[in-house]
Amino acid sequence: MIHGMSAVAAQNQMNTLGRENIPFLFILSFDLQQNIVVPLDQCAGMGIAFQFPGITGGRIIDSPKKQAMITDYRLPKEEEYQKAFQKVQYHLHRGDTYLLNLSFEVPIQMNADLDTVYQGAGALFKTYWAPHWISFSPERFVQIEGRTLSTHPMKGTISSEFPEAADQLLSDKKENAEHYTIVDLMRNDLSSVGRQTRVEKFKYLTEVQREGHGLLQMSSHIKTQLREDWRSRLGDIFFRLLPAGSITGAPKQKTVEIIKAVETHQREFYTGVSGVFYDGKVDSAILIRYIGQRNGQFYYKTGGGITTQSHWEDEYNEIREKIYIPLS
């Protein structure tokens, strides 16, 4: 088990550092019970390295920059996946949840250590807490510039190797149901911390490059306006928004209860959030595309959204599709 600050301590520390305009990094776990909030100049001493758009810091990694590869992995047995899938379907058909992000911990083998993974992986956001885990995430959580808070929920994926992959994804009923649900959830979440909330751009595609072929992902852009004193309320804002809707489901509170009952692993920092406050602005990422290390064994934590329209074979294959290290 990896330990960190309590939720109350982390929330207060974020408020204090924001109010005093001290640049800092925050890493908040999925259950908000293991958290790190630390001034940027102290990250290296904690073994933390990070790379976000426009800012890089923390521990210096000396490994040669090469493409790390996953050489083998062991998916959950089909019957194990089906058992969890059917439990989720039970709750979906009861109306307890409308969308649930079901995840698994997959043992993997690699041709490199985590330092090399960090050096060579290409991603919009990279967060690494040596020797515990690394995330090379394509998904922004929220961004704050001026008084505008924006989010870009990412829900809906397809391999770009399929013919007319973009059209398939944009017209897929199941993927669209997921996306509509999450956009509605995140719009409501943003309305709880700001005003004049609106969907700025709906359903656009981005591509993540990986060995073999890319992965198309569907996102939307939602934004809201914060109060003038938002810096002194940074902790309050984030703890109001978390856990992130795109990696839980809706309605959020009940869905999280089901996740904890159904999943067979502890998420810990996986699907939590990492972020930086600097130059009077904030950027943050969802901790997905995540490799953990425990007792010398590497684990890839991965999952996908389940709805009543889901087929277990497709969702099982999506787990496989997401086990990769992105090209630099």
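Helix α2 (residues 78-94) contains 17 residues and reaches 24 Å from its first C-alpha to its last, close to the 24 Å expected at 1.5 Å a residue; the expected span is 1.5 Å times one less than the number of residues. Helices (H or I, at least four residues) and strands (E, at least two) are DSSP runs, numbered from the N terminus. The model is predicted: local features need pLDDT of at least 70, and side-chain atom pairs count only at pLDDT 80 or more, while totals for chains, interfaces and linings use all residues. Residues are numbered from 1 along each chain as its sequence is written, and side-chain values use heavy atoms, with hydrogens and water left out.

**Helix α2**

- Y81, A84, F85, V88, Q89, H91 and L92 are the buried residues of α2, where buried means under 20% relative accessible area (1.4 Å probe, protein chains only).
- These residues lie on the same side of α2 because they cover an arc of only 165 degrees around the axis, the arc being that of the directions from the helix axis to the C-beta atoms.
- The face turned away from the buried side of α2 carries the exposed residues E79, K83, H93 and R94; exposed means over 50% relative accessible area.
- Elements covering the buried residues of α2 include β6 (99-110), α7 (252-262), β18 (297-306) and α8 (312-321).
- Just after α2, G95 takes a positive phi of about 85 degrees.

**Helix α7**

- In α7, the buried residues are K252, T255, V256, I258, I259 and V262.
- Their arc around the axis is only 160 degrees, which puts them on the same side of α7.
- Q253, K260 and A261 are exposed on the other side of α7.
- The buried residues of α7 pack against α2, β6, α5 (173-191), α6 and β14 (249-250).

**Helices α1 and α6**

- The axes of α1 (residues 7-19) and α6 (residues 234-241) come within 6 Å and cross at roughly 135 degrees; axes are lines fitted to C-alpha atoms, for helices over the stretch in contact, and angles run from 0 to 180 degrees between N-to-C directions.
- On the α1 side the contact (heavy atoms within 4.5 Å) is made by A7, A10, Q11, M14, N15 and G18, and on the α6 side by L234, G235, D236, F238 and F239.

**Residue L25**

- L25 is found in strand β1 (residues 24-28), and L25 counts as buried because its relative accessibility is 0%.
- Leaving aside neighbours within four places in sequence, L25 is in contact with residues including I36, V37, V38, G275 and V276.
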